[in-house]
Amino acid sequence: MISVLIPTKGRPHLLREALASLLRQTFPHFEALVVDDGDGEGLEAVASWEDPRFRAFPNPGRGQVEARQKALEMAQGEVVLFLDDDDLLLDPAYLYRVQRALDRKEAVVYGEGVLLLPGEEVPFRPGEVGEGLLKDNLLLASGTALRKKTLLDLGGLDPAMGDYWDWDLWLRAYRVGLPFRYLKGRNLGVRVHGTNQSYGARREERAFYLERLRAKHGLGPLVLKDHLSLALAALSAAGG
């Protein structure tokens, strides 16, 4: 079974769309663990589905990393997959492909997707993982999966990394030689909008956590970027 970990705060309409994308999956053996970091709107949204595969909990801590930790604690599946509350699984076979990849070998499974801007889509194609991971966070958190035991053996999630909890995890996996399995295609939809924490806003706070990540992993100088800037740079390098 795949446990989908979804933190949420204050946008139940988008959470419902994320959950609806799970219901369109051809692989039925999943659970969605929603942890509400806000005023309980996410709890109400989950209850409205009346689907036993959807479970919701209040965040016992504070912040999105702690919310994911709570979801991980409650997860019953052998595999965990991250999904932000405003993102979507677009390929109906995506969970099946993830499960098949992890049935074969221990790995971090990640996918291509599209960044959803108002009125347009920007393709996000991270490519195969290599040394570029030491300079940029090349993986989309949403849609990335690994076995629960693997995640716990790596040390779980580190709240001290803030915005870069995901990059920190990928770096730990890379450093111990864990394989990365790349799933191509229009798998994931990642929204870019005004309330999205990863794009544009909170630059000082993000820079603080980026420096903390750099120091933890002994990396060289890092430039503050987001997935949109990485996608646009890749398009420019490819000639459009």
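Trainee: Which residue forms a salt bridge with Lys216, and how far apart are the closest N and O atoms?

Mentor: Side chains of opposite charge can pair when their charged atoms come close. In this predicted model, Lys216 forms a salt bridge with Asp168, and the closest N and O atoms are 3.0 Å apart. The pair links distant parts of the chain, with Lys216 in helix H7 (residues 203-217) and Asp168 in helix H6, 48 residues apart.

Trainee: Are Lys216 and Asp168 buried or exposed?

Mentor: Lys216 is partly exposed, because its relative accessible area is 39%. Asp168 has a relative accessible area of 0%, so Asp168 is buried.

Trainee: Which other residue forms a salt bridge with Asp168?

Mentor: Arg172 does, with 2.8 Å between the closest N and O atoms. Arg172 and Asp168 are four residues apart in helix H6 (residues 165-175), so about one helical turn separates them. Both of these residues are buried.

Trainee: Which residues are linked with Asp168 in a network of salt bridges?

Mentor: The network consists of Asp158, Asp168, Arg172 and Lys216.

Trainee: How many salt bridges does the count come to?

Mentor: The count comes to 17 salt bridges. One of them joins Glu31 and Arg55, whose closest N and O atoms are 2.9 Å apart. Glu31 lies in strand E2 (residues 30-36) and Arg55 in strand E3 (residues 54-58), so the pair ties together parts that are 24 residues apart in sequence.

Trainee: How do I read the accessibility of Glu31 and Arg55?

Mentor: Buried means under 20% relative accessible area, and exposed means over 50%, with partly exposed in between. Glu31 is at 4% relative accessibility, so Glu31 counts as buried. Arg55 is at 22%, and therefore counts as partly exposed.

Trainee: Which residues form the positive surface patch?

Mentor: Arg100, Arg104, Lys105 and Arg181 form the patch. A residue in a patch needs over 30% relative accessible area and no salt bridge. Take Arg100 as an example: Arg100 is partly exposed, with a relative accessible area of 38%. Arg100 is found in helix H4 (residues 94-104).

Trainee: Now the rings. How many aromatic pairs does the structure hold?

Mentor: A pair of aromatic rings is described by the distance of the centres and the angle of the planes. The structure holds nine aromatic pairs. Among them is the pair of Phe30 and Phe54, at 6.5 Å centre to centre with 40° between the planes, and this pair is tilted. Phe30 is in strand E2 and Phe54 in strand E3, 24 residues apart, and the pair links these distant parts of the chain.

Trainee: Are Phe30 and Phe54 buried or exposed?

Mentor: Both Phe30 and Phe54 are buried.

Trainee: Which residues form one aromatic cluster with Phe30?

Mentor: Trp49 and Phe54 form one aromatic cluster with Phe30.

Trainee: Next, the backbone. What is the phi of Glu50?

Mentor: Glu50 has a positive phi of about 55°, although Glu50 is not a glycine. Glu50 lies in the loop between helix H2 (41-47) and E3. With 72% relative accessibility, Glu50 counts as exposed.

Trainee: Where is Ala47, in a helix or in a loop?

Mentor: Ala47 has its place in helix H2. Ala47 is exposed, because its relative accessible area is 52%.

Trainee: How many residues separate Thr144 and Glu112 in sequence, and how far apart are they in space?

Mentor: Thr144 and Glu112 are 32 residues apart in sequence, and their C-alpha atoms are 10.0 Å apart in space. Thr144 lies in the loop between strand E7 (120-124) and strand E8 (145-147). Thr144 is at 0% relative accessibility and so counts as buried.

Note on methods
Residues are numbered from 1 along each chain as its sequence is written. This is a predicted model: local features need pLDDT of at least 70, side-chain atom pairs count only at pLDDT 80 or more; totals for chains, interfaces and linings use all residues. Side-chain values use heavy atoms; hydrogens and water are left out. Patches are made of residues with over 30% relative accessible area and no salt bridge: like charges are joined within 9 Å, nonpolar side chains (Val, Leu, Ile, Met, Phe, Trp, Tyr) within 5 Å. Accessible areas come from the Shrake-Rupley method with a 1.4 Å probe; for residues, only the protein chains shown count as cover. A salt bridge is a side-chain nitrogen of Lys or Arg within 4 Å of a carboxyl oxygen of Asp or Glu. Lys and Arg count as positive and Asp and Glu as negative; His and the chain ends are not counted. The place of a charge is taken as NZ of Lys, CZ of Arg, CG of Asp or CD of Glu. Helices (H or I, at least four residues) and strands (E, at least two) are DSSP runs, numbered from the N terminus. Buried means under 20% relative accessible area, exposed over 50%, partly exposed in between (1.4 Å probe, protein chains only). Rings of Phe, Tyr and Trp (its six-membered ring) pair if their centres lie within 6.5 Å; planes under 30 degrees apart count as stacked, over 60 as edge-to-face and the rest as tilted.
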